[in-house]
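Keep the model open as you read.

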Amino acid sequence: MTVEPLDRSVDRRAFLARAAALAIASTAGATVAAPSMAVASSPLFLGPMKNGALDRPTAYAQPRPEAVADPTELTIAEAAWLIRANKLTPEQLVEAYLARISTYDGTYRAFNLVLADAAIAAARAAARRPRRGALHGIPLAIKDNYYTEGVRTTANSFLFQDFVPPYDASAVARLKASGAIVLGKTQMGPLATTRATTPAGVVTTVNAWTPTNRNTDPGGSSTGTATAVAGRMATSGIGTQTGGSITSPSNAQALTGLKPTMGRVSAAGIVPLTYTRDHPGPLARDAKDAAIMLTAMAGEDPADPRSQGLPEVPNLIDAATPVYRRNRVKLRWNTRIGVLPGFANGTSATALARQAYLAQLAAIPGATLVDVPLPEGWSQLTGSTFNNIRLPERSEPFMPYLRSNLRGFGVSVTSWLQGALLGGNEFLTGQRAKLLLLERVLNDLFDACDVVVQTDPVPFDILGLPEIAFPIGFTGAGVPIGTILGGLPYAEDRLLSVVAAYQATTDWHLRRPADPPAAARARTETAGEELRLTAEQVAELTQ
């Protein structure tokens with residue numbers, strides 16, 4: 001028996017009120033300080049961990065036979081099953097990933113710092129401690145804008161190239177408290193702007209599916225985390241999203257990336273980008289792993305007002321567990337899936353994949369596809385003019401640097417200058433437009449559906465609504481094709497349930513890229529100079 005999610009009508013009203021308050025807070029300067037200005041005297045207090053949520057039976061999955069031979073092929077749930085059964089040790093799992101990093105990361109360039117000795121020490125310590133649930137002994141990749149105690153956190157920038165925080169970001173602390181092991185820090189777009197490059201714009205990280213072609217977009221700005229997980233150099237990882245930085249690399253590399261509702265995961269201890277739009281979240285291999293990660297990361301944090309006073313985190317792991325009736329997968333909850341105009345039109349590989357995806361969804365009992373119109377004024381309210389209201393929020397905590405060290409911003413300086421020069425009247429008009437858009441999305445779009453297909457992550461990033469990205473096919477050249485579902489505030493469980501059912505009937509999420517050829521590894525030393533983004537390109541592509 002499954003229980004319907006709580007009625008979301010109250011959440012809609014409450015979320016609209018919170019969004020209005022958040023807009024006011026942003027105008028009052030309630031932003032997160034840049035690292036050198038941050039108060040960093042003691043670790044953040046997180047309160048007791050709800051480890052029982054990570055130790056429920058549905059958090060473990062008996063491994064697929066083809067995955068047992070290679071620990072780096074295992075999902076979190078599968079690795080956790082083997083660790084619990086004493087058939088795999090955390091140290092063996094860590095060593096398997098470190099071996100792949102040593103062999104292949106010269107080509108992938110997913111990590112900017114590998115913590116090999118610390119990871120092995122943590123794995124040995126994990127073997128001596130009581131299990132803490134499904135993340136116990138699981139090696140993770142951490143985007144380099146998350147504070148890591150005693151370990152450089154650069155946000156891939158000149159400004160913070162020597163910054164060593166004295167405590168972990170709240171999300172990292174929660175993952176470690178749940179037994180996870182940090183393998184290293186991953187490459188990212190400079191200050192979380194574009195795909196991963198050096199601060200000067202030289203492309204570093206490649207798409208794990210096309211390691212010999214740097215022109216294939218690996219997605220950004222959480223590029224390194226995506227490539228590490230897709231390239232089997234970490235079981236899972238975390239990124240941040242302000243304008244597609246979790247969903248885009250997940251779609252580009254056949255991962256399941258979950259951007260939760262604004263505030264569901266604390267952003268305390270993360271180098272800031274935009275106060276009203278920064279979302280920490282997982283990049284995982286499937287819906288179950290994303291649910292495990294978010295269960296550990298989510299929760300109220302005294303250090304982040306955005307995380308306080310929210311509805312309780314639902315049972316995400318059960319939501320991401322497929323439900324069967326007479327050996328046939330069905331949706332956990334009857335769900336109306338909204339399809340936007342033109343979503344699957346055309347004959348391109350993407351259009352064909354979308355058509356097949358919708359047909360597969362429609363065949364799952366409990367799913368109802370409904371055509372939904374775009375809310376009034378959608379193009380204007382989600383266009384670049386109103387999207388750019390985020391730029392002053394980006395510039396405000398960095399104003400001391402903008403006044404004294406423009407070179408420190410490297411190739412991404414343009415958008416910071418744009419934010420500093422945007423007029424106050426434009427910013428305020430944009431805040432009102434955002435609230436109007438949110439009201440129309442909640443009252444009009446979601447009046448006809450429970451989840452909605454997305455073609456661009458930005459509108460739901462603007463509004464702080466949850467999104468989940470996942471693979472639905474491949475092009476003829478073998479490049480992943482992904483899609484995004486968006487949901488109501490705090491309805492991550494509904495999104496996970498739909499994706500879990502879809503993934504139980506398809507195998508796109510189980511496919512892994514081939515290892516880089518030896519010839520590609522031999523060219524590593526010069527490959528990074530082959531592609532460079534200019535300041536103009538960065539300004540155009542910036543998240």
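Helix H6 spans residues 170-177, and its buried residues are Ser 170, Ala 171, Val 172, Arg 174 and Leu 175. The model is predicted, so these assignments describe computed coordinates. What lies over the buried part of H6? The cover includes strand E2 (139-143), strand E4 (236-241) and helix H9. Just after H6 comes Gly 179, with a positive phi of about 100 degrees.

Take E2 next. Five of its five residues are buried, so the rest of the structure largely encloses this strand. In a regular strand the side chains alternate between the two faces of the sheet. Which residues of E2 sit on each side? Pro 139, Ala 141 and Lys 143 are on one side, with Leu 140 and Ile 142 on the other. Both faces are covered, and all of these residues are buried.

Five bridges join E2 to strand E3 (residues 181-186), and the two run parallel. Within this pair, Ala 141 stands opposite Gly 184 of E3.

Now move to helix H4, residues 90-108, which contains Tyr 97. Is Tyr 97 buried or exposed? Its relative accessibility is 0%, so Tyr 97 counts as buried. Beyond its neighbours within four places in sequence, Tyr 97 is in contact with Pro 71, Thr 72 and Leu 74, among others. Its contacts also include Pro 139 and Leu 183. Further partners include Arg 232, Met 233, Ala 234 and Thr 235, as well as Arg 285. Glu 73 lies 24 residues from Tyr 97 along the chain, and their C-alpha atoms are separated by 10.0 Å.

The largest nonpolar core has 142 residues. Which members touch the most others? They are Leu 135, Phe 160, Tyr 357, Phe 398 and Leu 485. Helix H9 (residues 287-297) gives the most to this core, with eight residues. H9 is also part of the cover over the buried residues of H6.

Last comes the empty space. Rolling a probe the size of a water molecule over the atoms shows where empty space is left. How many cavities of 30 Å³ or more does the structure hold? There are seven. By type, the lining of the largest cavity divides into six nonpolar, seven polar and one charged.

Definitions and conventions:
Residues are numbered from 1 along each chain as its sequence is written. This is a predicted model: local features need pLDDT of at least 70, side-chain atom pairs count only at pLDDT 80 or more; totals for chains, interfaces and linings use all residues. Side-chain values use heavy atoms; hydrogens and water are left out. On a 1 Å grid over the protein atoms alone, a cavity is a set of points where a 1.4 Å probe fits but cannot get out, and a pocket is an open set with protein on both sides within 12 Å along at least five of seven lines; lining residues have an atom within 4 Å of a point. Grid points are joined across faces, edges and corners, and a volume is the space filled by probe spheres set on the points. Ala, Val, Leu, Ile, Met, Phe, Trp, Tyr, Cys and Pro count as nonpolar, Asp, Glu, Lys and Arg as charged, and the others, Gly among them, as polar. A nonpolar core is a set of buried Ala, Val, Leu, Ile, Met, Phe, Trp, Tyr and Cys residues joined through side-chain atoms within 4.5 Å. Buried means under 20% relative accessible area, exposed over 50%, partly exposed in between (1.4 Å probe, protein chains only). Helices (H or I, at least four residues) and strands (E, at least two) are DSSP runs, numbered from the N terminus. Contact means heavy atoms within 4.5 Å. Two strands pair if DSSP finds at least two bridges between them.
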